[in-house]
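Colleague: I have a model open and want to learn how to read it. Can we go through some features together?

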Amino acid sequence: MIPRVHNMGTRTIGLIHYLYGPGTHEEHTDPHLVAAWDALAPDPGRDPHATYADLQQLLDQPVQALPASRRPAEHVWHLSVRAAPEDPILSDEQWGEIARRMVAATGIDPGDGASCRWAAVRHAEDHIHIIATTVREDGRKPRRHNEAKRAQAEARHIEADYSLRRLNTGDGTAARRPTSAERHKADRHNQERTPRETLRETVRQAVAGAHSEAEFFARLAASGLLIRQRVAPSGDLLGYTVALPDDRNKHGEPVYYSGSKLAPDLSLPRIRERFALPAEAIPEDSQPEQPALPPVTGPAFARRRATAATWQALLIIDHGDDGTAAAQIAAAAEVLDALAKTSAAHTRRELRDAAFAFERASRSHVTAMRGHDRALRQAARDLVHSGPALGRGEDGATTAMLIDMAFFLAITAANWHAGKHHAQQAAAARQAAEHLRAAYLTAAAQPMAVLQQRGQRLAQHIQRRQADLVRQAMPELAERVLAEPGWPALAATLTDAQQAGHDPAALLAEATQRRELDTATSISDVLVWRLRRSAHLPAAPEAPHERPARGDRRTPPAAPAAPPAAQAASNSTRRR
């Protein structure tokens, strides 16, 4: 149940015409009253003798009764209440009761006998509109303080009473939702997202990892957006607006949106906070060392570096203070934006949806301590500057490695938000995790299949040696690991690590200590990615060239069932 308080209006008759009319796109059907301040109020939709003017004059009577000097210019109050798509169709009687509860909760009609006049109109199965005039019968103004929050609170009670989908209460940090007119316009042009949503995604990708305003605006221009900058007489830049070239109003002019109208953190002052990096505000003894990093040589290297930065962010979210954790989550959104922008075609849709969902999880009332997120923002920058990745080879495998770690970060962010009672943010992070799960299954199938093939071809004595290592490193889980379909891939990875000069026993011991594994669906998959990352092994080793001997009936390797991070993440909340 989604209530929305609209902007105040000046013409009662104008809103009545809209509510009873055909709608902007002929979407209104059978408009009629379901409730009103007076059971005898005229209904122009069902009563052939009632007119729009009849209803308007009765609604406006308390306003007109005031002296002209006391009449409010904006006196038309408008609230829409919409059911969730999966909710059952409610009857007129049910919608009428919902309307009465809403006007009582918002202060329009508190039930004291001298309230405002109002009417609830239904012109679709899934929502109603309530129109009211904000002068009470006794000439006073209604008490509407915090009316939007009170409407939301009442909606939660209505959902419980009518067994409707339970939505999460917001905290005022969400991006502005597209209007119904924007959605209808997108539908008319066969567009999946509204211009507002498309612009938000494009601006977020432009700012991901950017180091300066100049770089940010250069990326915006390169993306093809129309840009207007608001400049003070002193020459200082005050703000910006953007538009899609093909999004025009009825006069043929581009429809511009300011950054703050796209999302609270996309206003120019909030974007500048990302560039500030106030290292001087961080105590010297708490500043992490910043060793000189080698230049990024391609998408695969950028993805490896981003995976390492994401892992460190996980530890900070788990153990850091609130401001630092909030900064890591905000910067993680930039990594997802950059990853979606540079992903291969076969994973692009799910990664875009993951970044789109996680955007809501990147903001809360906890102030992000910028300056602690440098590693993740640099990782986002590296992803953008390394260019698009291929969907195969080392590019594809390191993409799977990063998606796996990003999934783990999304789950960690969901747990952190849940602990702070940030219901919308926690739900958004979990939704992003589901899209990352789907992207991982696509990205990891080929490299994991190759590793399993190589592991199955290892000599028996090598397989036994690797099995002994597993039994020594994780005795309680060893037999489970050895029975998993992914065990051959882990055996091949342990062999690769040994051939590269590493101590596989030490690597395995370190990997098993860093997070819980006992409830993972595939522990071997989890360990494969950890070992290949920590040992700097190729993420996509070459497939074996020899064919199986005749009569070899070994079962071909199965694709991974779920992201390795996902398989262990569900237990991490209980362990914290």
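Modeller: Start with Leu436, which sits in helix H15. Helices (H or I, at least four residues) are DSSP runs, numbered from the N terminus. This is a predicted model: local features need pLDDT of at least 70, side-chain atom pairs count only at pLDDT 80 or more, and totals for chains, interfaces and linings use all residues. Residues are numbered from 1 along each chain as its sequence is written, and side-chain values use heavy atoms, with hydrogens and water left out.

Colleague: Is Leu436 buried or exposed?

Modeller: Buried means under 20% relative accessible area, exposed over 50%, partly exposed in between (1.4 Å probe, protein chains only). Leu436 has a relative accessible area of 0%, so it is buried.

Colleague: How do I read one face of a helix?

Modeller: An α-helix has 3.6 residues a turn, so residues three or four places apart point the same way. Now take H16, residues 460-473. Ile462, Gln463, Gln466, Ala467, Leu469 and Val470 are buried there. Down the axis of H16, these buried residues fall within an arc of 155°, so they line one face. The arc is that of the directions from the helix axis to the C-beta atoms. On the other side of H16, Gln460, Arg464 and Gln472 are exposed.

Colleague: What covers the buried residues of H16?

Modeller: The cover includes helices H15 (423-456), H17 (478-483), H18 (487-499) and H19 (504-513). Contact means heavy atoms within 4.5 Å.

Colleague: And how do I describe two packed helices?

Modeller: Two packed helices are described by the angle between their axes and the distance between the axes. H15 and H20 (residues 523-534) pack at about 80°, with axes 12 Å apart. That makes H15 roughly perpendicular to H20. Angles of 65 to 115 degrees count as roughly perpendicular. Axes are lines fitted to C-alpha atoms, for helices over the stretch in contact, and angles run from 0 to 180 degrees between N-to-C directions.

Colleague: Which residues make the contact?

Modeller: H15 gives Tyr440, Ala444, Met448 and Leu451; H20 gives Asp525, Val528, Trp529 and Arg532. They divide into 6 nonpolar, no polar and 2 charged. Ala, Val, Leu, Ile, Met, Phe, Trp, Tyr, Cys and Pro count as nonpolar, Asp, Glu, Lys and Arg as charged, and the others, Gly among them, as polar.

Colleague: What is phi of Asn190 near?

Modeller: Phi of Asn190 is near 55°, a positive value in a residue other than glycine. Asn190 lies in the loop between H5 (180-188) and H6 (195-207).

Key: Helix = DSSP H or I, 4+ residues; strand = E, 2+ residues; numbered from the N terminus. Expected span 1.5 Å × (residues − 1). Parallel < 35°, antiparallel > 145°, perpendicular 65-115°, else oblique.
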